[in-house]
Amino acid sequence: MEQVQYRIEDRIAILTIENPPVNALSARVQESFQQALARAIDDSKIDAIVLTGSGNTFIAGADIKDLQRMANEGAVPSILPRILFDVESAPKPVVAAIHGNAFGGGLEVALAAHYRIATADARIGQPEVKLGIIPGAGGTQRLPRLAGLEAALEMCAFGEPVRAEDAQRFGIVDRVVEENLLGHAMEVARELSGVAPRRTRELAVNFGNPESNAALFAGYRERVPKTRKKLLAPLAAIDAIEAATQSRFEEGCRKEREIFHRMLVSSQAKALIHVFFAERAARKIPAASSAHGEIQAAAVVGAGTMGRGIAMCFADAGIPVRLKEAYPEALASAIKAIEASYESSVRKGRIADAEMRTRFSKIQPQLDYAGFEAADIIVEAAFENLEVKRVLFSELAGVAKPGAILATNTSYLNIDDIAQACPLAESVIGLHFFSPANVMRLLEVAPGKATSARVTAAALALAKRLGKIAIVAGNCPGFIGNRMLRVYRREAQLLLEEGASPQQVDRALEEWGMAMGPFAAQDLAGIDIAMSSRHVFSAMEPPELRQPRVMEMLYALGRFGQKTGAGWYAYDEKRNALPDPKVDALIETAASEAGATRRPISNEEIVERAVYALVNEGARILEDGCARRASDIDLVYINGYGFPAYRGGPMHYADEAALDTVHQRVLEFGWKPAPLLTHLAKSRSSFSAFDAKASTLRAAADDANADHA
Ligand code: T1G
């Protein structure tokens, strides 16, 4: 099948890109496009050309699978820039008819056309920076010519799409229509035939004077890293646009291509492309296709920090939610906090006042179970205490309607233990939200032994509606994330006893890219919280495993972290973390009690030990079946624990370092390597190869199941 359909109507050639689901410009599409274009140009019976996409979109850009291959193999040249040069050079008018998305290479196709017409709901963008690259087919050269430097910088450096209306305002789109896109495009094509084509590359550009341009670029170079910390591509995109102001078009394109190649083979691009596919893979759960009615109403038990945030998640997704608390004062303060949070979003311009009111009105505060019988999902967000939860779930079984999802927001208790007292155990599932629940994208979905596939599927569908990245986790202590956090923190604390300081460890890991160092993060979350879950985790660990002692000492002193004004750090009245000699003294004591010799520790050792501890535990989680994919583990750590996306998550990072190297280091650190890590390292394999194999096996199993059904 040709991937670019060629059809003639009334002396106009209509070229339709057909590569479902998003019409990505794969190598085959590009070839087919090139042929169709040549045919339309050569045919004397054709007066004009219209470019359009089939299905519900124009073109979502280059094929990211091809990019991934190129990144791994070293870049190979693409013919797209050449094709677009030919599009632009065409002696007949070329009109791009845009609906759905014109992203990346898709927008670049449109920019090379002579006229752009879009539906009102179309979205237009150069999102390449999100993949760690920059536009590679003239986007950084043509966009500023059409839209001006500022709009081009904004779009290429930040990667956020704009709506058709804004694209028109910037001069990218010539016309916006409500309906009959193709009809309008053909009308324009007819009107333009015979008129000399307006080529973007030839547009008279007025980029301003060199000084004001220099100031503009300097401003962006300063602004971009504030929200795109340590990312290389946004700065590279600025460089490429700057080249447009300094060189002729062809020379600018050459520079763009050079920067594009450099970015494509960078470790950041590999990591971010991995994350792109990891997110899509995580959504693929066969059970998710089984039918379940849509969630119409929700209820939450417990209006503490988590309960409030969860209630807001539902309200934000337009789902009415009842929020139950045991005591009137606690309920009142919860409602106040929710209101304050919404008001702050309005002040920051994130939502309109009316929208805020609508959302707020969806939350019904109450002290009893009234209306719970109508809820399609009830989320328990009470204390992290098994007895409390058991009692609650037996109560919930009495009020919930049949088929409702009964979710617990536990972060480390056993789902089966919680469900044991509940006659509706098949409806009970773990939904581990991260704090603040209305902001954090991660949701761990942990089915228990008895949980039905239908309930799991419904929970995943709900997660999608709430805008969450849902990761299915096995019912093991700490699920995926907290189980890894445990070993990571343990290693960080051992480093203290061996000679590092909390501030050195935090700084080393923050410089490496973690959003927050482990000690600063624990001071925020609370040392008391970590202590309360310790028994659950230590029960899983071999008794001979050396346990660091300082955290326990801090706990005994009532130093729980920021909330008590002191923890791993001392805090001043502005909550600035200050190194504390008292903590240093505790570390010395713990070290001498443990018989550890303190020595200077390098930042590299800190990073290696912290990150490889995550990798080794990740491998165990994978072999236990508590995670379905290594890439799921990456998503958990990126979205829930501040691991830098541009390093791809711990498992991808280990793949890039080569597993035999990681394995070797694990042995040198004196740890027991996870058998899966040993196996993959010995066979010179990788976690990504493991994922690919598992996914093939799963697909085969699904097919077999479907044949049986
Ligand atoms: N290439 C390959 N596959 C793609 C793809 C792409 N560009 N975009 C989406 N897919 C797949 C995706 O993996 C999934 O597959 C399916 O399509 C549906 O996607 C030369 C260098 C378009 C807004 O960065 O933002 O152009 O899982 O689940 O929520 O300068 O996909 O079903 O097997 O996300 O409706 C720039 C990336 C490329 C756009 C649709 N373009 N895509 O969202 O569906 S670089 C992008 C998106 C470039 C040029 C350069 C979104 C979407 P599967 P989905 P969705």
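## Aromatic pairs

Let's start with the rings: there are 14 aromatic pairs in this predicted model, counting rings of Phe, Tyr and Trp (its six-membered ring) whose centres lie within 6.5 Å. One of them joins Phe158 and Tyr220, with 6.5 Å centre to centre and 55° between the planes, a tilted arrangement. Planes under 30 degrees apart would count as stacked and those over 60 as edge-to-face, with the rest called tilted.

Phe158 belongs to helix H6 (residues 149-158) and Tyr220 to helix H9 (residues 210-227), so this pair ties together parts that are 62 residues apart in sequence. Helices (H or I, at least four residues) and strands (E, at least two) are DSSP runs, numbered from the N terminus.

## The sheet

Six strands make up an open sheet with mixed pairing, in the order S1-S2-S3-S4-S6-S9; two strands pair if DSSP finds at least two bridges between them. At the edges are strand S1 (4-9) and strand S9 (175-177), each pairing on one side only. From one strand to the next, the twist averages 20°, taken between axes that are lines fitted to C-alpha atoms, with angles running from 0 to 180 degrees between N-to-C directions.

Inside this order, strand S2 (residues 12-17) runs parallel to strand S3 (residues 48-53), and six bridges join the two. Ile12, for example, has Ala48 in S3 as its bridge partner.

## Around the ligand

The ligand is surrounded by 28 residues, and the closest are Ala60, Ala62, Gly105, Glu108 and Arg283; a residue counts if one of its heavy atoms lies within 4 Å. This shell holds 16 nonpolar, five polar and seven charged residues. Here Ala, Val, Leu, Ile, Met, Phe, Trp, Tyr, Cys and Pro are nonpolar, Asp, Glu, Lys and Arg are charged, and the others, Gly among them, are polar.

Helix H2 (64-73), strand S5 (101-103), helix H4 (105-112) and helix H12 (267-282) each supply at least two residues of the shell. H12 gives the most, with three residues.

## Polar contacts and cover

## About the model

Residues are numbered from 1 along each chain as its sequence is written, and side-chain values use heavy atoms, leaving out hydrogens and water. Because the model is predicted, local features need pLDDT of at least 70 and side-chain atom pairs count only at pLDDT 80 or more, whereas totals for chains, interfaces and linings use all residues.
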